[in-house]
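Visitor: I have a model open and a few things to ask about it. Can we go through it piece by piece?

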Amino acid sequence: MNPTIEMVANSLRDYEDILSAYFVGSYTHNLNPHDIDILLIVNRIDKERFRIFVETNFSADDFFFNDDSISCKVNNIEFDFAFLMLEQLEYRVQLILQNRLYAVHRNWCVGSWLPEGFIFDVENAQVIFERDLRAKRSMARLKAGKDAFKTNLMGEIRREILLKSKLKPGMRYYNSIARSDVYAALMRLINLQKGWDLTSFKHMSRAISTTEYVIILDRLMETSDEVFQEECKAVLQQLQ
């Protein structure tokens, strides 16, 4: 392990509000050794206090605050610390088991925050430390129920594509937004069917651009509004 990453991971034990800490995201698959995502299960969230802790202990700089995370650089390695209250984790897992967790618009995320990306992170999380085993138990419940959720999600995405692909004549801006939603939904559907389990549209785009599915998406982008829905139906039939 890189000495900087090891130093940061070990020092997190000194922050008493952290119940459990995990490496997640691309680092767990060796995709980018300079982009480190760490999930922190906490009993309270105080981002300013955590910023001071990181700045003092790691000599971190270049801070950026999102709604549920802090990003910074330590020795030219970018770290993203995502905070999740234990109760939030347990509730999110419950929603997944009930097929009730959906994509959410976030100002820092192109497309949407994706529940399947969260599942991917949990499935592949690497333990830094666990002071409270309730997070571990919740993650085990999620892993046991994820397949049923993904099957249901694929059905929901198909319905979304059929609904939004019916464009409205003469409404150029509306149709542009609807098309964007359809392209995003198709990428999610292909990703789920292929079992790639990638965490974001950035990674999905890279994966799809190396497969035959790029032809499908390119064809839809060139399809006129008048026949867009029929072409989408044909694509969904092809993806059976």
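Visitor: Is Arg49 buried, partly exposed or exposed?

Guide: Arg49 is partly exposed, at a relative accessible area of 25%. Keep in mind that this is a predicted model.

Visitor: Which residue does Arg49 form a salt bridge with?

Guide: Its partner is Asp17, and the closest N and O atoms are 2.7 Å apart. The pair links distant parts of the chain, with Arg49 in helix 2 and Asp17 in the loop between helix 1 and strand 1, 32 residues apart.

Visitor: And Asp17, buried or exposed?

Guide: Asp17 is buried, because its relative accessible area is 6% and the cut-off for buried is under 20%.

Visitor: What does the side chain of Arg44 meet in a salt bridge?

Guide: Asp17 again: the side chains of Asp17 and Arg44 form a salt bridge with an N to O distance of 2.8 Å. This pair also links distant parts of the chain, 27 residues apart. Arg44 sits in the loop between strand 2 (35-42) and helix 2 (47-58), while Asp17 is in the loop between helix 1 (3-11) and strand 1 (18-24).

Visitor: How exposed is Arg44?

Guide: Partly exposed, with a relative accessible area of 42%.

Visitor: How many salt bridges does the structure hold?

Guide: There are 18 salt bridges in the structure. Another one of them joins Lys233 and Glu230, with the closest N and O atoms 3.6 Å apart.

Visitor: How are Lys233 and Glu230 placed in helix 9?

Guide: They are three residues apart in helix 9 (residues 228-238), so about one helical turn separates them. Lys233 is partly exposed, at 39% relative accessible area. Elsewhere, salt bridges with shared partners join Glu16, Asp17, Arg44 and Arg49 into one network.

Visitor: Changing topic to helix packing. At what angle do helix 5 and helix 6 pack?

Guide: Helix 5 (residues 133-164) and helix 6 (residues 172-194) pack at about 155°, and their axes are 9 Å apart. That angle makes helix 5 roughly antiparallel to helix 6, because the cut-off for roughly antiparallel is over 145 degrees.

Visitor: Is the crossing of helix 5 and helix 6 left-handed or right-handed?

Guide: Left-handed.

Visitor: Which residues in helix 5 and helix 6 meet?

Guide: From helix 5 the contact takes in Lys150, Leu153, Met154, Ile157, Arg158, Glu160, Ile161 and Lys164. From helix 6 it takes in Ala178, Asp181, Val182, Ala185, Leu186, Arg188, Leu189, Leu192 and Gln193. By type, the residues of this contact of helix 5 with helix 6 are 10 nonpolar, one polar and six charged.

Visitor: And helix 1 with helix 2, at what angle do their axes cross?

Guide: Roughly 130°, and the axes come within 11 Å. Helix 1 and helix 2 are therefore oblique to each other.

Visitor: Right-handed or left-handed for helix 1 and helix 2?

Guide: That crossing is right-handed.

Visitor: What meets what there, in helix 1 and helix 2?

Guide: Met7, Val8 and Ser11 in helix 1 meet Phe53, Asn57 and Phe58 in helix 2. The residues of that contact divide into four nonpolar, two polar and no charged.

Visitor: Now the backbone. What is phi of Asp62 near?

Guide: Phi of Asp62 is near 55°, a positive value in a residue other than glycine. Asp62 lies in strand 3 (residues 61-65). Asp62 is also exposed, with a relative accessible area of 52%.

Visitor: What about phi of Asn76?

Guide: Phi of Asn76 is near 65°, again positive in a residue other than glycine. Asn76 is in the loop between strand 4 (69-74) and strand 5 (77-85), and at 70% relative accessibility Asn76 counts as exposed.

Visitor: Last, the overall picture. How many helices and strands does the protein have?

Guide: Nine helices and six strands. Along the principal axes, the C-alpha atoms fill a box of roughly 60 × 35 × 30 Å.

Visitor: How much of the protein do buried residues make up?

Guide: Buried residues are 47% of the 240 residues. As for contacts with a separation of 6 or more, 61% of them are between residues 24 or more positions apart.

Technical notes:
Residues are numbered from 1 along each chain as its sequence is written. This is a predicted model: local features need pLDDT of at least 70, side-chain atom pairs count only at pLDDT 80 or more; totals for chains, interfaces and linings use all residues. Side-chain values use heavy atoms; hydrogens and water are left out. Axes are lines fitted to C-alpha atoms, for helices over the stretch in contact, and angles run from 0 to 180 degrees between N-to-C directions. Helices (H or I, at least four residues) and strands (E, at least two) are DSSP runs, numbered from the N terminus. Angles under 35 degrees count as roughly parallel, over 145 as roughly antiparallel, 65 to 115 as roughly perpendicular and the rest as oblique. A crossing is left-handed if the near helix is turned anticlockwise from the far one by less than a right angle, and right-handed if clockwise. Contact means heavy atoms within 4.5 Å. Ala, Val, Leu, Ile, Met, Phe, Trp, Tyr, Cys and Pro count as nonpolar, Asp, Glu, Lys and Arg as charged, and the others, Gly among them, as polar. A salt bridge is a side-chain nitrogen of Lys or Arg within 4 Å of a carboxyl oxygen of Asp or Glu. Buried means under 20% relative accessible area, exposed over 50%, partly exposed in between (1.4 Å probe, protein chains only).
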